[in-house]
Amino acid sequence: MLQNTELKYYIETWGCQMNEEDSEKLSGMLKRIGYSNTEVKEEADIIIFNTCCVRENAENKVFGNLGLLKAMKEKKPNLIIAICGCMMQQKDMADKVLKTFPYVDIIFGTHNSYKFPEYLDMVQKEGVQIKEIINKEEGIVEGLPIDRKSDVKAFVTIMYGCNNFCTYCIVPYVRGRERSRKVDDILKEVKELVSLGYKEVTLLGQNVNSFGKDLGDDMTFAKLLRVVNEVEGLERIRFMTSHPKDLTDDVIQAVKECDKLCEQIHLPVQSGSSRVLKEMNRSYTKEQYLELARKIRKEIPGVSISTDIIIGFPGETEEDFLDTLDLVKEVEYDSAFTFIYSRRNNTPADRMENQISEEIKHERFNRLVKQVNEIVEKRNKEYNGEVVEVLVEGKSKNQEDRLMGRTRNGRLVNFEGSQENIGKLVNVKITKAGSFSLTGEEYK
Ligand code: SAH
Ligand code: SF4
Ligand code: F3S
């Protein structure tokens with residue numbers, strides 16, 4: 001009998017779609033050199049942790065998980081442990097990790113993940129420990145293999161990094177400055193995806209609206225949207241994230257006019273207080289944001305607007321917080337991610353003296369979540385009895401006999417239907433609307 005000598009890798013990914021995509025590339029590179037994926041940590045010959053540091057709890061999870069690997073490494077000395085991602089780009093973090101968890105074999109950052117196979121080879125051949133963090137962004141490396149999680153929808157990064165330096169945020173320090181990919185490279189990737197059967201792409205960047213500014217050829221995000229909309233065979237296009245200060249009328253018109261562009265805009269507000277927004281360096285006021293949200297609702301029928309909100313930013317008063325609640329009611333968000341402010345090393349907000357107590361933060365957070373849930377539920381209920389177009393992504397998470405997919409404006413729908421529908425657009429009649437998802441039945 002043939003023995004299964006195939007080597008396996010396990011990847012755990014924290015953080016945003018940027019990290020998800022990097023993990024898909026790591027996975028692609030490993031498959032190319034003959035490894036196969038496992039979802040069971042104990043089975044793995046290589047364990048990779050792709051880390052996030054946007055909030056403290058993201059970091060704590062990584063530390064906890066690293067501690068648990070000690071016993072595994074003792075049992076299986078050939079196990080290779082690699083840590084990468086945003087957290088490793090922080091000053092002195094790689095050294096801290098090596099000191100506390102000396103059994104880690106490879107540490108690299110966000111700018112050199114394409115070199116992972118090289119590092120792996122060195123560790124295997126020479127038994128060395130590798131730590132390589134590059135602090136300056138290099139050119140964009142194109143053509144890496146990518147092993148995507150879904151066969152229906154795909155993330156396509158259109159730009160890397162961020163120039164905005166919101167005072168609470170660590171992302172610009174760990175992801176570097178903005179760099180746009182060339183339009184031809186983006187188009188090539190989208191066309192390849194379509195030829196593989198993909199139906200939907202999400203164009204990704206920390207602030208997609210500044211796409212093209214560094215390319216120097218009059219390219220704008222709105223123009224890119226129109227070019228991608230021409231790709232034959234593609235059904236749906238989404239994008240994230242839009243910084244409210246940079247979302248232009250051209251982009252709104254592109255969403256309105258292009259058939260493949262889905263009616264969904266993620267527009268992080270962060271706070272509803274103009275005073276706090278100024279301290280956050282967000283460059284818009286509550287009124288300007290509301291004006292923009294109204295314009296989007298007016299121009300794009302059926303649009304859904306989602307957001308990110310932080311409570312407990314230094315100096316946030318009850319009045320500031322009430323401004324946020326008020327804005328949430330006014331915009332009537334279709335969904336919202338809510339966060340408790342987390343101090344991040346070396347960011348301007350961390351140096352502010354008027355930090356808010358944990359108790360007040362939690363109390364405000366609970367009130368905010370309640371408000372958000374009420375509104376989201378109310379908006380979802382408007383779909384009761386409606387027929388919506390769903391792109392079927394696969395089986396439902398908890399109910400294997402059901403299918404799940406999303407409406408054009410991003411709502412999650414679970415429904416009974418044949419598996420042959422996976423990857424297809426199906427009309428679904430909504431029979432029940434919950435706070436997080438809709439339930440329905442196929443409508444023929
Ligand atoms: N570039 C995107 C998202 C970046 S991170 C944008 O500008 O919207 C995702 C979200 O994490 C942010 O929108 C913000 O709401 C939240 N976030 C960032 N730093 C944070 C911090 N220090 N504490 C709490 N939440 C934070
Ligand atoms: Fe962070 Fe602001 Fe950049 Fe978003 S725009 S990644 S919140 S600095
Ligand atoms: Fe986290 Fe890095 Fe994304 S810090 S949120 S994984 S860009």
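These legends walk through several close-up views of a predicted model.

**View 1. The residues around ligand 1.** Start with the shell of 15 residues around ligand 1, where R55, Q206, Q270, D308 and S342 come nearest. Sorted by class, this shell holds seven nonpolar, four polar and four charged residues. Domain 2 (150-262) and domain 3 (264-381) each supply at least three residues to the shell.

**View 2. Polar contacts of ligand 1.** Zoom in on the atoms and pick out Q206, which has a polar side-chain atom 2.7 Å from a nitrogen atom of ligand 1. At D308, an N or O atom of the side chain sits 2.6 Å from an oxygen atom of the ligand. With S342, look at the backbone instead: one of its polar backbone atoms is 2.8 Å from a nitrogen atom of ligand 1. On its own, ligand 1 has 540 Å² of accessible area, and the protein covers 90% of it. Two strands, β13 (304-311) and β14 (335-340), are the elements that give two or more residues to the shell around this ligand.

View 3. Now move to ligand 3, which has G15, C16, N19, C52, C53, V54, C86, R175 and Q206 around it. Five residues of this shell are nonpolar, three are polar and one is charged.

**View 4. Aromatic rings in pairs.** The model has ten aromatic pairs. One of them joins F165 and Y173 edge-to-face, with ring centres 5.3 Å apart and 80° between the planes. How exposed are the two partners? F165 has a relative accessible area of 28%, so it counts as partly exposed. Y173 comes out at 38%, so it is partly exposed as well. Elsewhere among the rings, F63, F101 and Y103 are linked by ring pairs into a cluster.

**View 5. T38 in its loop.** Last stop: T38, found in the loop between β2 (36-37) and β3 (46-51).

Technical notes:
Residues are numbered from 1 along each chain as its sequence is written. Chains are lettered from A and ligands numbered from 1 in the order in which they are written. This is a predicted model: local features need pLDDT of at least 70, side-chain atom pairs count only at pLDDT 80 or more; totals for chains, interfaces and linings use all residues. Side-chain values use heavy atoms; hydrogens and water are left out. A residue is near a molecule or strand if one of its heavy atoms lies within 4 Å of it. A polar contact is a pair of N or O atoms within 3.5 Å; within protein, one must be able to donate a hydrogen and the other to accept it, and residues adjacent in sequence count only if both atoms are side-chain atoms. Accessible areas come from the Shrake-Rupley method with a 1.4 Å probe; for residues, only the protein chains shown count as cover. Helices (H or I, at least four residues) and strands (E, at least two) are DSSP runs, numbered from the N terminus. Ala, Val, Leu, Ile, Met, Phe, Trp, Tyr, Cys and Pro count as nonpolar, Asp, Glu, Lys and Arg as charged, and the others, Gly among them, as polar. Domain bounds come from an automatic or database domain assignment. Rings of Phe, Tyr and Trp (its six-membered ring) pair if their centres lie within 6.5 Å; planes under 30 degrees apart count as stacked, over 60 as edge-to-face and the rest as tilted. Buried means under 20% relative accessible area, exposed over 50%, partly exposed in between (1.4 Å probe, protein chains only).
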